[in-house]
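Hi everyone, thanks for making time.

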Amino acid sequence: MPKQELIEIPKPLDQLTATEIERKACIGKIMTYTLKSLSTTFVNKGFQWLLPVALSQSTDPLWPDPGASIEKRIEIDIYGKPVRTTASMIIHKLVAASTAYPKLFILSPNIRIEKAERAKTGKHVYEFTQLDFEVRDATSKDVFALVEEAISTLVKDLKREMKSELTTLCRCDTLKAPKTPFKTYDRVDLEAKYGADWEAGISQETTEPIWVTNIPREFYDFEDFKTGKWDNYDLFLPQFGEVLSGAKREFEYAKILKKIERDQVKKENYALILKMAKEGRLKPTAGGGIGMERLVGWIAGVKHIAETQPFPRVPGTVNEL
Ligand code: ASN
């Protein structure tokens, strides 16, 4: 990871020089290729492509979350009811996968107003898009296989078909198609090795994408109350860290209720999920979400993931567009 002070804040389109515009265009072509490749993989595997929503009563609590740094939560009233901007579509995914859409994905804009001090980490933006997916009756292993195939196919094809763009970005030789299966680490072992800042430790050291499992976080990820182990996972990329988080999900009413109360999350914001679980209508699912800016940032070798955004969303900076 480049030192924070060496990272320049990505500029808006109207302020770029001719060389910077050329670079921006190359990154844009890689983003287009990536969106096409991943959506084709998911559609070919029988996933339904859902359109996203921006305002809902219920959204991701993002709590408890070891990586969270939310400065402000956006809540407004429409038609006399409070709604929040989408933090992630996890709750929508659970309901959709349990009912009409057993295999689904969404290119979902997520708004997370990160603290301004995260401007130069290079891996945070205050609006990003995830390819968020969910599969009924799937296991973590199924998700690993799906994601590994999608990412290795993408990089292999890109290296063949986007040579000139990768050359302009100086990534032609350094970008390697990752070997599958990816290595898997338990968070407990990483903590023992790197201490509390294990996320930074492992993302600086690894040269390949890796899975990390068993991470204590939000109520919707599956936790085995007997062993204390979480059946969830993050995919880490060299330099950029977590590019995907996901899990096998909780679907039993008593467990969900207990965890919501334990985490002191507002129960009234999750009434629908609780009701469906109580009636046995919430199904076992597993899924995850791939952060598109971090994935393409890694492929293109950028210093700051906002370079992959046509309209950069750098924490602390608000441009006209
Ligand atoms: N998309 C994630 C998941 O599927 C949730 C998140 O982004 N917080 O678990």
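What should helix 3 span at 1.5 Å a residue, and how far apart are its end C-alpha atoms? Before I answer: this is a predicted model, where local features need pLDDT of at least 70, side-chain atom pairs count only at pLDDT 80 or more, and totals for chains, interfaces and linings use all residues. Residues are numbered from 1 along each chain as its sequence is written, and side-chain values use heavy atoms, with hydrogens and water left out.

Now, helix 3 has 22 residues, 140-161, so it should span 32 Å, and its end C-alpha atoms are 31 Å apart, which agrees. The expected span is 1.5 Å times one less than the number of residues. Helices (H or I, at least four residues) and strands (E, at least two) are DSSP runs, numbered from the N terminus.

Eight strands make an open sheet with mixed pairing, in the order 1-6-8-13-12-11-10-9; two strands pair if DSSP finds at least two bridges between them. Strand 1 (48-50) and strand 9 (183-186) are the edges, each with a single partner strand, so one side of each has no neighbour in the sheet. From one strand to the next, the twist averages 25 degrees. Inside the sheet, strand 6 (103-111) and strand 8 (127-136) pair antiparallel over nine bridges, and Leu104 has Glu134 of strand 8 as its bridge partner.

Next, a helix pair. Helix 7 (253-263) and helix 8 (271-278) pack at about 150 degrees with axes 8 Å apart; axes are lines fitted to C-alpha atoms, for helices over the stretch in contact, and angles run from 0 to 180 degrees between N-to-C directions. That makes helix 7 roughly antiparallel to helix 8, the term for angles over 145 degrees. Tyr253, Ile256, Leu257 and Ile260 of helix 7 meet Ile273, Leu274, Ala277 and Lys278 of helix 8, with contact meaning heavy atoms within 4.5 Å.

Last stop: Gln309, in the segment after helix 9 (292-300). Is Gln309 buried or exposed? At 6% relative accessibility, Gln309 counts as buried. Gln309 touches Lys24, Val125, Glu127, Phe128 and Glu293, leaving out residues up to four places away in sequence. Val125 is 184 residues from Gln309 in sequence, yet their C-alpha atoms are 9.5 Å apart. A polar atom of the Gln309 side chain also lies 2.8 Å from the backbone oxygen of Glu127.

Technical notes: Buried < 20%, exposed > 50% of the residue type's maximum accessible area, 1.4 Å probe, protein only. Polar contact = N/O pair within 3.5 Å; in protein donor to acceptor, adjacent residues only side chain to side chain. Parallel < 35°, antiparallel > 145°, perpendicular 65-115°, else oblique.
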